[in-house]
Amino acid sequence: MSSAETESVTIYTDGACKGNPGPGGWGALLEWGDHTRELSGGERQTTNNRMELTAVIEGLRALNRSCRIRIVTDSVYVRDGVLSWMANWKRNGWMTRSKKPVKNRDLWEALDAELTAHNVEWEWVKGHSGHPGNERADELANAGVP
């Protein structure tokens, strides 16, 4: 196994929205070894779910090589989407079980593409519960709201 495959990165992600829909922001905190990198951004008209997805996508896009990654999120929507729903959506032409188009398909497809380069483990944490990485990702997401 090459050193690139053994590198381990933790990405804490969060999304925020002032109104849903409304102005929203996303934040990602990347940690590897004793290094950190903070990312944030936002959109004038969006939803909380879109910002949650964007945080993970942008965190993954910031990596320049394949890694072992632990994604820590307070979004059940993102975690369950990847672990429980996405395979069926893809198999069914991006349609839900009730034959409706998957919401946020553009972002789900972008996330799916980013995940292929990495060995990813998912961890859900309760939001606003004092978890340092999640709290910082929340601050970044709120700072990204335009």
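Visitor: What's the strand order in the open sheet?
Guide: This is a predicted model, and its open sheet of 5 strands runs E3-E2-E1-E4-E5, with mixed pairing.

Visitor: Which are the edge strands?
Guide: E3 and strand E5 (119-124), each pairing on one side only. From one strand to the next, the twist averages 20°.

Visitor: How many bridges do E4 and E5 pair over, and is that parallel or antiparallel?
Guide: Strand E4 (residues 68-73) pairs with E5 over 6 bridges, in the parallel sense. Thr73 sits opposite Trp124 in E5.

Visitor: And which helix packs on the sheet, touching E4 and E5?
Guide: That's H3, residues 76-91. The direction of H3 makes about 140° with that of E5.

Visitor: Switching topic: where is Thr46, and is Thr46 buried or exposed?
Guide: Thr46 is in strand E3 (residues 35-46). Thr46 counts as buried because its relative accessible area is 4%, and the cut-off for buried is under 20%.

Visitor: What does Thr46 touch, leaving out residues up to four places away in sequence?
Guide: With those left out, Thr46 touches Cys17, Asn20, Pro21, Gly22, Pro23, Gly24 and Met51.

Visitor: OK, Arg50 next. Where is Arg50 found?
Guide: In helix H2, which covers residues 48-61. Not counting residues up to four places away in sequence, Arg50 touches Asn104, Asp106 and Leu107.

Visitor: Which side chain does the Arg50 side chain make a polar contact with?
Guide: That of Asn104, at 3.1 Å.

Visitor: What separates the C-alpha atoms of Arg50 and Val72?
Guide: 17 Å, with the two residues 22 apart along the chain.

Key
Residues are numbered from 1 along each chain as its sequence is written. This is a predicted model: local features need pLDDT of at least 70, side-chain atom pairs count only at pLDDT 80 or more; totals for chains, interfaces and linings use all residues. Side-chain values use heavy atoms; hydrogens and water are left out. Helices (H or I, at least four residues) and strands (E, at least two) are DSSP runs, numbered from the N terminus. Contact means heavy atoms within 4.5 Å. A polar contact is a pair of N or O atoms within 3.5 Å; within protein, one must be able to donate a hydrogen and the other to accept it, and residues adjacent in sequence count only if both atoms are side-chain atoms. Buried means under 20% relative accessible area, exposed over 50%, partly exposed in between (1.4 Å probe, protein chains only). Two strands pair if DSSP finds at least two bridges between them. Axes are lines fitted to C-alpha atoms, for helices over the stretch in contact, and angles run from 0 to 180 degrees between N-to-C directions.
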